[in-house]
Amino acid sequence: MAKATIAWPDLLEVYLNSAWDDGDNGRITVANQSILETLGLIETSEKAAEAADITPLISPDKVKLDSVIPARIGYPKYSLGLLAETWGGLLRAPERRVEEPSTFFIKSDRSHSGLVPASEALAKYRAILKFVATLSGAALFTDVQHAKLVYFGDGRVEVPVRYDASDFRLVDAEQIEALAARLEGDIHRDQRLSILGEAVTALVAGQSAAGRFVYLLQNADELKKRVDEGYKLFASSFSYSKIRGEIEKSQADYVNRVHKTFTDIQGQLLGLPVSAVVVATQMKATSTCGPEAIANIAILGGAWLFVALLIASCGNQWLTLGAIGREIKDQRTKLNSDFSEIRDMFTGAFDAIEGRIRWHRAVLIVISLVALAGAWFTWQGYSIATKLDASGCLVHGGMPTA
């Protein structure tokens, strides 16, 4: 089926099989049926010929498959696509230095918009456009028609997007990709763009307006470094105010929990001197199974029960202090890994809490030792005061000892 209209793919097929000799004059190799049909449409349709601006310079009957025909290959209508002699010709229009045309063909190196893989020049061009898009995100506004980025630093700062094909050699695609990656994502995006804007205005200060963009392109690594450092400072400041509140709250909770380990057994501690007085004053000397013996046995059992409960409470509080200590260690580890820049600000507070835990553990050891000493003292008092077999007295009525 014959073609009805000319489209960009038709022209691209012709350009890829053409060679230019001088200006618009060149030769077209009719390599396939598609090119033959395109040339036939140009021959029969004035509208198609005008849109393509291609004129075969031989009679139509000589245009056949695999033939090479002389032709004038001009510039197509803008709505179809762009045909440029060189990259410099493509970049002459300001808007093409900011946005890639949807369809174009470069005669000098045969690069075109659909080329896969991209030629070296096309890859450099697209890297620059990505750089422009990245800078544009931080600009106050972007004037595409006049290829201009406008920032607000110490007043209005303009960065005209001026470059040509000779500046492709300055492109460091890796650094441009890395810079763009720093600005991806929604977290703190406005702050990161603001940091980029400040870095741009700082770098171009003192540079002539015409050379500012090329200077930025040449120093893309320095621009990325400044963005990294600026965001690191911002993140540390942001994290400090947030983390400080969380850590101070958790530290207060740790202090309260550590203090509670002591207050929980404080009532029992008050019982230590009371039990000592009871033992000292209430035991009666006896050698028979009477009320005095029963009272002595009850006092001994009560004292030992008290000591057992106190030591159990101390053991429980010891385990609680261990759990608190592990939580503090985990929080310190997280702080060191996630917020290493500000970890030293909280080291003293963590050290103080861990010191308090060690002190409380020492107190628990002392309390347990005192309780055991009290149990031993109670047993000694009982042994001196009670001269009989306590088990026999309780179970069988017992017999007095000699």
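The following questions and answers go through a predicted model of one chain.

Student: How many helices and strands does the chain have?
Tutor: The chain has 402 residues, and buried residues make up 39% of them. As for secondary structure, the chain has 13 helices and nine strands.

Student: Among contacts between residues at least 6 apart in sequence, what share joins residues at least 24 apart?
Tutor: The contacts in question are those in the chain between residues at least 6 apart in sequence. Of these, the share that joins residues at least 24 apart is 65%.

Student: Which side chain of opposite charge is nearest to Arg96?
Tutor: Arg96 is found in the loop between helix H4 (87–90) and strand E6 (104–106). Arg96 is buried and has no salt bridge. A salt bridge needs a nitrogen and a carboxyl oxygen within 4 Å, and the nearest side chain of opposite charge is 4.8 Å away. That side chain belongs to Glu95.

Student: Which residue has a backbone oxygen that the side chain of Arg96 reaches?
Tutor: Leaving aside neighbours within four places in sequence, Arg96 is in contact with residues including Tyr78, Leu82, Pro101, Tyr125, Leu129 and Tyr163. The side chain of Arg96 also reaches a backbone oxygen at 3.4 Å. This oxygen belongs to Leu90.

Student: Is His112 buried or exposed?
Tutor: His112 is found in the loop between E6 and helix H5 (120–138). Leaving aside neighbours within four places in sequence, His112 is in contact with Leu12, Leu16, Phe104, Phe105 and Leu122. Its relative accessible area is 8%, and the cut-off for buried is under 20%. His112 is therefore buried.

Student: What distance separates the C-alpha atoms of Leu80 and Ala7?
Tutor: Leu80 is found in the loop between strand E4 (68–73) and strand E5 (82–84), and at 14% relative accessibility it counts as buried. Not counting residues up to four places away in sequence, Leu80 touches Ile6, Ala7, Trp8, Leu11, Ala51 and Thr103. Leu80 and Ala7 are 73 residues apart along the chain. Their C-alpha atoms are separated by 6.5 Å.

Student: Which helix gives the most to the nonpolar patch?
Tutor: Trp318, Leu319, Ile365, Leu369 and Leu372 form a nonpolar patch on the surface, with about 500 Å² of accessible area together. Helix H11 (291–338) and helix H12 (344–385) each supply at least two of its residues. The helix that gives the most, with three residues, is H12.

Student: What is the relative accessibility of Ile365?
Tutor: Ile365 is one of the residues of the nonpolar patch, and its place is in helix H12. Ile365 counts as partly exposed, because its relative accessibility is 43%.

Student: How many residues apart are Lys130 and Glu177, which form a salt bridge?
Tutor: The structure holds eleven salt bridges. In one of them, Lys130 and Glu177 have their closest N and O atoms 2.9 Å apart. The pair links distant parts of the chain, with Lys130 in helix H5 and Glu177 in helix H6 (residues 173–182); the separation is 47 residues.

Student: Are Lys130 and Glu177 buried or partly exposed?
Tutor: Lys130 has a relative accessibility of 31%. For Glu177 the relative accessible area is 42%. Both residues therefore count as partly exposed.

Student: Which strands hold Lys148 and Glu158?
Tutor: Lys148 forms a salt bridge with Glu158, with the closest N and O atoms 3.7 Å apart. The two residues are ten residues apart, Lys148 in strand E8 (residues 148–153) and Glu158 in strand E9 (residues 155–160). The strands are thus E8 and E9.

Student: Is Lys224 buried or exposed?
Tutor: The side chains of Lys224 and Asp228 meet in a salt bridge (3.2 Å, N to O). Both lie in helix H9 (residues 220–263), four residues apart, about one turn of the helix. Asp228 counts as partly exposed at 24% relative accessibility. Lys224 has 15% relative accessibility and therefore counts as buried.

Student: Which residues are linked in a network of salt bridges?
Tutor: Side chains of opposite charge can pair when their charged atoms come close. The residues linked in the network are Asp24, Asp53 and Arg72.

Note on methods
Residues numbered from 1 in each chain as written. Predicted model: local features only at pLDDT ≥ 70, side-chain atom pairs only at ≥ 80, totals over all residues. Heavy atoms only, no water. Buried < 20%, exposed > 50% of the residue type's maximum accessible area, 1.4 Å probe, protein only. Lys, Arg positive; Asp, Glu negative; His and termini not counted. Polar contact = N/O pair within 3.5 Å; in protein donor to acceptor, adjacent residues only side chain to side chain. Contact = heavy atoms within 4.5 Å. Patch = residues over 30% accessible without salt bridge, like charges linked within 9 Å, V, L, I, M, F, W, Y side chains within 5 Å. Areas by Shrake-Rupley, 256 points an atom, 1.4 Å probe, with all protein chains shown as cover.
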